[in-house]
Amino acid sequence: MIEAQSAPIVAKLKKRYCKKPKNPQFNWPHDLFTRWHRDALHFVVIMRTGHDVPPELETHAARIQHVGDGKFDLAAPVRRGWMTIMKKITPEACLEEIQNTITL
């Protein structure tokens, strides 16, 4: 259910951010998709490198983790793990927050 709700948001974010720069000297977002890992839905970003060594790398933009009773925690990646931004909210609220605040 949440995957179907996240599909239009992923499409909007891809349209907004996944554009090749004119002179790619730095890493840039090439693709965005969701992937389940255990009880969490991850928003995964494929970054292309300007120097092609390696040509691509994978990073995360956000995580929605199921905590029970139809509620989720929203987390953002930090240097050594995840920082929970919002706790025990609806999936709709998580997706709205991702759509409004995520930057790649």
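Me: Which residues does Ser-6 touch, not counting residues up to four places away in sequence?
Reply: In this predicted model, Ser-6 touches Thr-34, Leu-41, Phe-43 and Leu-95. Contact here requires heavy atoms within 4.5 Å. Ser-6 itself is found in helix α1.

Me: Why does Ser-6 count as buried?
Reply: The relative accessibility of Ser-6 is 1%. Buried means under 20%, so Ser-6 counts as buried.

Me: What makes His-42 buried?
Reply: His-42 has a relative accessibility of 10%. The cut-off for buried is under 20%, and His-42 therefore qualifies. The residue lies in strand β2. Leaving aside neighbours within four places in sequence, the contacts of His-42 are Phe-33, Thr-34, Arg-35, His-37, His-60, Ala-62, Arg-63 and Trp-82.

Me: Is Met-83 buried, partly exposed or exposed, and why?
Reply: The relative accessibility of Met-83 is 46%. Buried would need a value under 20% and exposed a value over 50%, so Met-83 counts as partly exposed.

Me: Where is Met-83 placed, and which residues is Met-83 in contact with, leaving aside its neighbours within four places in sequence?
Reply: Met-83 belongs to strand β5, residues 81–89. The contacts are Leu-74, Ala-75, Ala-76 and Val-78. Arg-63 is 20 residues from Met-83 along the chain, and the C-alpha atoms of the two are separated by 9.6 Å.

Me: What makes Thr-90 partly exposed?
Reply: Thr-90 has a relative accessible area of 30%.

Me: Where is Thr-90 found, and which residues is it in contact with, leaving aside its neighbours within four places in sequence?
Reply: Thr-90 sits in the loop between β5 and α2. Gly-70 and Lys-71 are in contact with Thr-90. Between Thr-90 and Phe-72, 18 residues apart in sequence, the C-alpha to C-alpha distance is 6.1 Å.

Me: Which residues touch the most other members of the largest nonpolar core?
Reply: Phe-43, Ile-64 and Ile-98 do, in a core of 19 residues. Two or more residues each come from α1 (2–17), β2 (40–48), β3 (56–68), β4 (71–78) and α2 (91–101). Apart from neighbours within four places in sequence, Ile-98 is in contact with Leu-13, Phe-43, Ala-62, Ile-64 and Leu-74.

Me: How many helices and strands are in the protein, and what is the run of its elements from the N terminus on?
Reply: There are two helices and five strands, arranged as α-β-β-β-β-β-α.

Me: Why is the protein called as compact as a globular protein of that length?
Reply: The radius of gyration is 14 Å, close to the 13 Å that the globule rule gives for 104 residues, so the protein is as compact as a globular protein of that length. Along the principal axes, the C-alpha atoms fill a box of roughly 45 × 30 × 20 Å.

Me: How many positive and negative charges does the protein have, and what separates their mean positions?
Reply: There are 16 positive and 11 negative charges, with mean positions 6 Å apart.

Technical notes
Residues numbered from 1 in each chain as written. Predicted model: local features only at pLDDT ≥ 70, side-chain atom pairs only at ≥ 80, totals over all residues. Heavy atoms only, no water. Helix = DSSP H or I, 4+ residues; strand = E, 2+ residues; numbered from the N terminus. Rg over C-alpha atoms; globule rule 2.2 N^0.38 Å. Lys, Arg positive; Asp, Glu negative; His and termini not counted. Charge placed at Lys NZ, Arg CZ, Asp CG, Glu CD. Core = buried A, V, L, I, M, F, W, Y, C linked by side-chain atoms within 4.5 Å. Buried < 20%, exposed > 50% of the residue type's maximum accessible area, 1.4 Å probe, protein only.
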